[in-house]
Amino acid sequence: MSAENRAFSYALTPSSSPINRNLIAPTVGEPALRKATRCRFWYDSSIHLQMSFNPSNLLNITTDLIINTSRFEDSASIETRVKDAPEESRDALRGALSLLYLSEGPTNISGERLKVAEQHLDPAERVVARWLYTRTNGRLKKHYGPNALHAARAAQYRCESCKFADVRTLNLALVGGRKSSTGEFKCLCANCHAINSRVNDWDLPAAE
Ligand SMILES: [Zn+2]
């Protein structure tokens, strides 16, 4: 077993374990041990996240910033909302809602149309619409584009990993990380995105 693997084995033992750091350090080397301990920190953070995640609390706190899943693929309710809007806003609103909710909807919206439509969107929709606008028609278009929109819409604006639904936390992560990008995206909350990046960015030691 390599020094780094030994260090990882040590770092992943429960903190109550009697294994003594001072005995391990000379055999595996300080750099390997420090790296392994950093991994342990992220490992603990993800466990903590899973244990503290309580969807019912979340819904009470942030209902305004969660998108209801019943809105997806529902052209009839889009038309109802469009009819309720002033005539001069209808076209833009139809475009924005189709982009948000229909898998066959448009893949971008102009800034002017978004401005008109925004007045008739709810708070969660405004957050998502602006987030997607920047990535499909704004300054981040060349890094994201339609694939990013498709991923976010297919995930119904929830984290694909832990299902966290507060839209303010959403990120679009490259599948496979930066190094081996497929050009496909997944929709993750900020925590899962950070964990995902660490996993893809770290050069973990190969097994012997
Ligand atoms: Zn998540």
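Colleague: In which loop is the place of Thr 63?
Modeller: This is a predicted model, in which local features need pLDDT of at least 70 and side-chain atom pairs count only at pLDDT 80 or more, while totals for chains, interfaces and linings use all residues. Residues are numbered from 1 along each chain as its sequence is written. With helices (H or I, at least four residues) and strands (E, at least two) taken as DSSP runs numbered from the N terminus, Thr 63 falls in the loop between α4 (55-62) and α5.

Colleague: Is Thr 63 buried, partly exposed or exposed?
Modeller: A residue is buried if 20 or more other C-beta atoms, placed from the backbone, lie within 10 Å of its own, exposed if 12 or fewer, and partly exposed in between. Because Thr 63 has 13 other C-beta atoms within 10 Å, this residue is partly exposed.

Colleague: How far apart in space are Thr 63 and Ala 165, C-alpha to C-alpha?
Modeller: In sequence, Thr 63 and Ala 165 are 102 residues apart. In space, C-alpha to C-alpha, the distance from Thr 63 to Ala 165 is 9.4 Å.

Colleague: At what angle do helix α6 and helix α7 pack?
Modeller: Axes are lines fitted to C-alpha atoms, for helices over the stretch in contact, and angles run from 0 to 180 degrees between N-to-C directions. The axes of α6 (residues 87-101) and α7 (residues 111-118) are 8 Å apart, and the helices pack at an angle of about 100 degrees. That makes α6 and α7 roughly perpendicular (65 to 115 degrees, whereas under 35 is roughly parallel, over 145 roughly antiparallel and the rest oblique), the angle being about 100 degrees.

Colleague: Which residues of α7 does α6 meet?
Modeller: Two residues are in contact if their C-beta atoms, placed from the backbone, lie within 7 Å. From α6, Ser 89, Ala 92, Leu 93, Gly 95 and Ala 96 take part, and they meet, in α7, Arg 113, Leu 114, Val 116 and Ala 117.
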